[in-house]
Amino acid sequence: LPAPKQPKPSSNLLNIFTPSPNINYDFITSVYGGFALLGLALYLLETLVLQKHLIDEDKGNSTSTNTNETMKELAESTQGLYLIFAPFSVCFLWSLVVRKEWKRITNEKQKQE
């Protein structure tokens, strides 16, 4: 008996960019984009606002007010939180590629009707 044919690896790789029928890729792209923006906002919050509260404590500028202690605790507890949302950036880029193909296929079907 002849061995069954194995699919080409490159064809399987391109299948990840083929849109599935009955899925709204506008919605998928907006959800991935929203979470990627949330991750970016958390990163900017950590680096631009909260980082100085950690640095001040390391330098020994400890003025023990409730506000400073609260901000230090907030900075420590949210450190690295943006990493949870990092994969959404890659998913967002993938969804843009698939959405473009989905729109092209949808437009072709509408022109045929």
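Where do R104 and E108 lie, and how many residues apart are they? Both residues belong to helix α4, where they are four residues apart, about one turn of the helix. I shall return to that pair after an overview of the chain.

The structure shown is a predicted model, in which local features need pLDDT of at least 70 and side-chain atom pairs count only at pLDDT 80 or more, while totals for chains, interfaces and linings use all residues. Residues are numbered from 1 along each chain as its sequence is written, and side-chain values use heavy atoms, with hydrogens and water left out.

Let me begin with the overall fold. The chain has four helices and zero strands, and its elements run α-α-α-α from the N terminus on. Helices here are DSSP runs of H or I with at least four residues, strands are runs of E with at least two, and numbering starts at the N terminus. Among the contacts in the chain with a separation of 6 or more, 85% are between residues 24 or more positions apart; a contact means heavy atoms within 4.5 Å.

I turn next to the surface. The accessible surface of the chain is about 8,900 Å², and carbon and sulfur atoms hold 62% of that area. These areas come from the Shrake-Rupley method with a 1.4 Å probe, and for residues only the protein chains shown count as cover. Of the 113 residues, 15% count as buried. Buried means under 20% relative accessible area, exposed means over 50%, and partly exposed lies in between, again with a 1.4 Å probe and protein chains only.

One nonpolar surface patch covers about 650 Å² and is made by L37, L40, Y43, L44, L45, L48 and V49. Patches are built from residues with over 30% relative accessible area and no salt bridge; like charges are joined within 9 Å, and nonpolar side chains (Val, Leu, Ile, Met, Phe, Trp, Tyr) within 5 Å. L45 counts as partly exposed because its relative accessibility is 38%.

The charged side chains are my next topic. Side chains of opposite charge can pair when their charged atoms come close. A salt bridge is a side-chain nitrogen of Lys or Arg within 4 Å of a carboxyl oxygen of Asp or Glu, and by this rule the count is five.

Which residue forms a salt bridge with D26, with the closest N and O atoms 2.5 Å apart? That partner is R99. The pair links distant parts of the chain, since D26 is in helix α2 and R99 is in helix α4 (residues 87–112), 73 residues apart. D26 also meets K103 in a salt bridge, at 3.3 Å from N to O. K103 lies in helix α4 and D26 in helix α2, so this pair ties together parts that are 77 residues apart in sequence. D26 is partly exposed at 27% relative accessibility, R99 at 29% and K103 at 30%.

Returning to the opening pair, R104 and E108 form a salt bridge with an N to O distance of 2.6 Å. R104 is partly exposed at 39% relative accessibility, and E108 is likewise partly exposed at 39%. Elsewhere, salt bridges that share partners join D26, R99 and K103 into one network.

Finally, I draw attention to a backbone feature. N22 is a residue other than glycine with a positive phi, near 65°. N22 is placed in the loop between α1 (9–14) and α2, and counts as exposed because its relative accessibility is 82%.
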